[in-house]
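The sequence and the model are shown first.

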Amino acid sequence: MKSGAEPRAPQDMRGAGLFDRVDYRLIETPEEREALYEMRYRAYLHGGLISPSASQRIVDVYDESPNAWIFGIYLDGELCSSLRLHVLTSEQRMSYTSELFGDVLHPRLDRGEVFVDPARFAADPEKSQRFHELPYLTLRLAYLACDHFKADLGLAMVRTDHQAFYRRVFLHETLTEPRPFPGWHSRQVVLMASDFATLRERVLTRFPIMRSSAFERRMLFDRVSQRQAVSRPMLVSAPLSPA
């Protein structure tokens, strides 16, 4: 979406029929990955975040990290958007967010906390104009992952002009001052987060589309191809604010 644009909240997703037309797919084959990387490029170029490149694709080392799940969101069988999820634990810390905001996150990971870190949200430019609910449908995956992995915090590394959306929908708080994001044109990001267990019911009441069944969550995240199970140490969580 264009910089500063606020997506419209879906009033009755099932009534409109859009939700039932959506398919979440774990991206695994080389062909699926190439289509996703090309869509990322189109989305970032359209949003003014990057300059044109000969490769016409956006891919980074974190796409191959063992704690990453990369999803494509398909509408009527067509790729519309994508999201990469990292589950951060004391044993698995690899993500762009933990690299850029390691001073905030690593001490908490040392204490045994579990974070769900969504990144690389991208939407096909043409389809994002037609389907304004795409941000909700896409980021819903992060909320389901928080539930499935019993996360302490749902994270978001967010452009400064997108903070209002995450604050309104997920009740995130901003934990840091803006920092430059490598590779983006004069853009800065902040780290936002919310205490999932404490705020879960408030979010579900305001945005019922975030609800899910245990079966749906298992189908999304418990795959045979999953490279490493996420274990959770039984430790007491720290407060939301950074140390």
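Helix 6 contributes the most to the lining of the largest cavity, supplying 4 residues. The model under discussion is predicted.

## The largest cavity

The largest cavity has a volume of about 110 Å³. Its lining comprises 13 residues, of which Ala142, Gly154, Leu155, Phe170 and His172 lie closest to the cavity centre. Two or more lining residues come from each of strand 4 (115–123), helix 6 (134–148), strand 5 (153–159) and helix 7 (163–170).

In terms of residue class, 10 nonpolar and 3 polar residues line the largest cavity, and no charged residue takes part.

## The second largest cavity

The structure holds 2 cavities of 30 Å³ or more.

By class, the lining of the second largest cavity divides into 4 nonpolar, 1 polar and 3 charged residues.

## Helix 6 in both linings

Which element gives the most to the lining of the second largest cavity? Helix 6 does so, with 3 residues. Helix 6 also gives the most to the lining of the largest cavity, with 4 residues.

Technical notes. Residues are numbered from 1 along each chain as its sequence is written. This is a predicted model: local features need pLDDT of at least 70, side-chain atom pairs count only at pLDDT 80 or more; totals for chains, interfaces and linings use all residues. Side-chain values use heavy atoms; hydrogens and water are left out. On a 1 Å grid over the protein atoms alone, a cavity is a set of points where a 1.4 Å probe fits but cannot get out, and a pocket is an open set with protein on both sides within 12 Å along at least five of seven lines; lining residues have an atom within 4 Å of a point. Grid points are joined across faces, edges and corners, and a volume is the space filled by probe spheres set on the points. Ala, Val, Leu, Ile, Met, Phe, Trp, Tyr, Cys and Pro count as nonpolar, Asp, Glu, Lys and Arg as charged, and the others, Gly among them, as polar.
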